[in-house]
Every structure is written in C-alpha cells, then in structure tokens.
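Please consult the sequence and the structure shown below while reading.

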Amino acid sequence: MSLDFHGRVAIVTGAGGGLGRQHALALAARGAKVLVNDLGGAVDGSGGSVSAAQAVVDEIRAAGGEALANGASVTDFAAVQAMVQQAMDAWGRVDILVNNAGILRDKSFAKMDMADFALVVQVHLMGAAHCCKAVWPHMQAQNYGRIVMTTSSTGLYGNFGQANYGAAKLAQVGLMQTLAIEGAKYGIHVNALAPTAATRMTEGLMPEDVLAALQPEAVVPAMLVLAHESAPTRTILCAGAGTFEAAHITLTQGIHLGQGADVPEQLAARLAEVTARGAGEQVPQSGAAQGTNEVAQALAAHR
C-alpha cells in the first residue's frame with residue numbers, strides 16, 4: 001500500500017527547519033497541499049520572521065507542489081485561527097495537523113526560572129491545544145481529521161535539565177488521549193510521535209557520530225503513518241535513526257487491600273505486587289478503566 005496524500009490539506013507547525021521541514025516536504029512530495037507554519041524564532045523562542053517558512057514553501061513549489069507560508073506564533077490563539085482560515089480560504093479543508101512547533105529553555109529544576117517553565121509549557125502544550133481547537137470544527141464538519149502531536153522521550157521517561165519540556169510533552173499525550181476519544185465519532189484520529197532527531201534543538205546535547213545517525217528524515221515515516229487515512233488512533237510511535245517503537249501507558253492488575261487501619265502498612269509491604277508487570281496489565285481504553293478495575297476487585301473481595 002502506498003501512503004498517498006493527494007487531495008489532502010496539511011498544516012505543519014514549526015516547519016521552517018529541522019524535523020518540521022522534513023515533515024512538510026514529505027507530505028508535499030506525496031501530494032498534500034501544505035501550509036508551512038514557523039515563527040522563525042531562535043531555539044529559545046525569541047525573535048521571529050516568516051522567511052524560514054517561506055523558504056520551505058519555495059522548496060515545495062520548486063518541486064511542483066502546493067504550499068503556503070504562515071508566521072503565526074502557536075501561543076497566539078487568534079493568529080492560529082487566522083492560520084487555519086488561511087488554509088480553508090485557499091483549499092477549502094484541513095485534513096492533517098502536525099503539531100511540531102517547540103522551543104527549549106533547559107536548566108536543572110533548581111536553577112530554572114518559572115517564567116521559562118511557563119513559556120515552554122505555553123508553546124508546546126497550549127500551542128498544540130490552540131491548533132487542535134482551531135482545526136477541530138472543520139474536521140468535525142468534514143467527518144475526517146488526522147492530528148499528530150509531537151511528544152518526547154523526555155516527557156515519557158524524563159531527562160535531566162528538562163522539567164519544563166518533559167511536563168509539556170507528556171501533557172500533549174494526555175491531550176491526545178482525550179481528543180482521540182472525543183474525535184472518534186467524527187473520523188478524527190489523534191496520535192503522538194516521539195522523535196529522536198538531530199536538529200538545532202539537539203545540537204550540543206549528543207556526540208557528533210550519534211547526531212549523524214539521527215537524521216530528521218529517518219523520523220518522517222512514522223509521521224506519515226500517523227497522518228495517513230489508514231492511521232491508528234491513540235498510538236504513541238517512537239522513531240529515530242530508522243528504528244521504530246511504540247510507547248504505552250499501562251495499568252497493572254494491582255491488589256485489593258480494603259480500608260482497614262493497617263492498609264498503609266500492608267501497601268508498603270506489598271508494593272512490589274502492586275507495581276509488578278505481567279498478567280492482568282492493560283492499556284486502558286479510557287480513564288474509566290482504573291475505577292472499573294478497582295471497584296471490580298473490591299466487589300469480588302466482599303462476595
């Protein structure tokens with residue numbers, strides 16, 4: 001099966017360079033009309049110019065594709081709404097949203113200024129929420145949509161010096177989980193991509209030989225799978241250096257201890273049983289699974 005995107009309209013944020021640029025080029029090469037969004041700022045979010053987005057648009061057009069440039073900041077909801085309207089006015093629909101825009105303001109938590117914490121959350125989390133909110137009514141109306149969040153192994157598993165980034169990236173997964181549930185009846189599939197790629201955001205963080213193996217192009221196949229009409233929903237795909245994995249947020253079977261006075265001591269003594277992986281562990285279909293499991297064990301214990 002060929003992953004074809006002819007007739008589809010895509011918006012890719014943070015697409016003026018690095019991974020976003022590769023996403024935009026790949027979608028365009030496979031037939032999509034692409035709105036290339038990029039604030040054109042520095043890695044820390046300062047500054048701005050539409051020239052980065054326009055350069056990618058020029059590249060797409062030179063290859064025979066259709067593209068438009070947009071310099072909106074994803075932190076500005078009105079500007080994001082105007083961006084989506086720009087795509088609607090030009091092409092009449094929006095099928096794909098790739099939330100790729102992001103910044104870094106790395107420091108250990110002890111030394112981190114809370115303004116830097118808030119700004120990173122604003123760009124990554126609220127930026128994604130703004131874009132999703134702006135495309136949502138259009139995707140509902142056409143009964144079709146594909147949204148790709150960009151999460152990170154830092155959000156999933158942690159990384160020293162990136163408390164702000166990790167918090168925002170895992171929050172995107174939480175947003176994905178609920179939007180996938182709410183979008184199901186409208187044909188809107190929502191997934192997350194956790195890339196490992198050498199971009200200007202990772203310069204200086206890894207050895208040169210490692211960076212050489214982590215070309216952004218190697219992540220793009222995972223994005224294409226998640227943005228295609230055949231995409232799953234509520235999937236977290238990890239990708240880097242041509243390797244692909246999946247991450248899952250699971251719930252163990254656990255144990256029922258009741259509500260006695262010594263339950264804290266019992267729980268401490270049997271914590272390894274609660275956290276044990278294996279039989280009974282599940283990937284919940286919604287947050288209700290936790291309560292369902294807890295009540296079922298409680299009722300079974302008192303029969």
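Predicted model: local features only at pLDDT ≥ 70, side-chain atom pairs only at ≥ 80, totals over all residues.

Helix 1 covers residues 18–29. At 1.5 Å a residue, its 12 residues should span 16 Å, and the end C-alpha atoms lie 17 Å apart, which agrees. Gly18 belongs to this helix and is partly exposed, its relative accessible area being 31%. In sequence, 104 residues separate Gly18 from Gln122, and the C-alpha atoms of the two residues are 21 Å apart in space.

Nine of the 12 residues of helix 1 are buried, so the helix is largely enclosed by the rest of the structure. The buried residues are Leu19, Gly20, Gln22, His23, Ala24, Leu25, Ala26, Leu27 and Ala28. They pack against strand 1 (9–12), strand 2 (33–37), strand 4 (96–99) and strand 6 (188–196), as well as helix 2 and helix 8 (220–227). After helix 1 comes Gly31, with a positive phi near 110 degrees.

Helix 2 comprises residues 51–62; its axis comes within 10 Å of that of helix 1, and the two cross at roughly 25 degrees. Angles under 35 degrees count as roughly parallel, and helix 1 and helix 2 are therefore roughly parallel to each other. Helix 1 passes helix 2 in a right-handed crossing. At this contact, Arg21, Ala24, Leu25 and Ala28 of helix 1 meet Val56, Glu59 and Ile60 of helix 2. Ala24, Leu25 and Ala28 are among the buried residues of helix 1.

With helix 8, helix 1 packs at an angle of about 55 degrees, the axes being 10 Å apart. These two helices are therefore oblique to each other, and their crossing is right-handed. Gln22, His23, Ala26 and Leu27 of helix 1 meet Val220, Met223 and Leu224 of helix 8. Gln22, His23, Ala26 and Leu27 are also among the buried residues of helix 1.

## Helix 3 against helix 4

Helix 3 (residues 77–91) packs against helix 4 (residues 114–142) at an angle of about 40 degrees, and their axes are 9 Å apart. The two helices are therefore oblique to each other. Helix 3 passes helix 4 in a right-handed crossing.

Which residues form the contact between helix 3 and helix 4? From helix 3 come Phe77, Val80, Gln81, Met83, Val84 and Met88. These meet His130, Cys131, Lys133, Ala134, Val135 and His138 of helix 4.

## Helix 11: a buried face

Helix 11 runs over residues 288–301; at 1.5 Å a residue, its 14 residues should span 20 Å, and the end C-alpha atoms are 20 Å apart, which agrees. Its buried residues are Ala289, Asn293 and Gln297. Viewed down the axis of helix 11, these buried residues fall within an arc of 65 degrees, so they line one face of the helix. Ala288 and Thr292, on the other side of helix 11, are exposed.

Notes: Residues numbered from 1 in each chain as written. Heavy atoms only, no water. Helix = DSSP H or I, 4+ residues; strand = E, 2+ residues; numbered from the N terminus. Expected span 1.5 Å × (residues − 1). Buried < 20%, exposed > 50% of the residue type's maximum accessible area, 1.4 Å probe, protein only. Arc of directions from axis to C-beta. Axes fitted to C-alpha atoms, helices over the stretch in contact; angles between N-to-C directions. Parallel < 35°, antiparallel > 145°, perpendicular 65-115°, else oblique. Left-handed = near helix turned anticlockwise from the far one by under 90°. Contact = heavy atoms within 4.5 Å.
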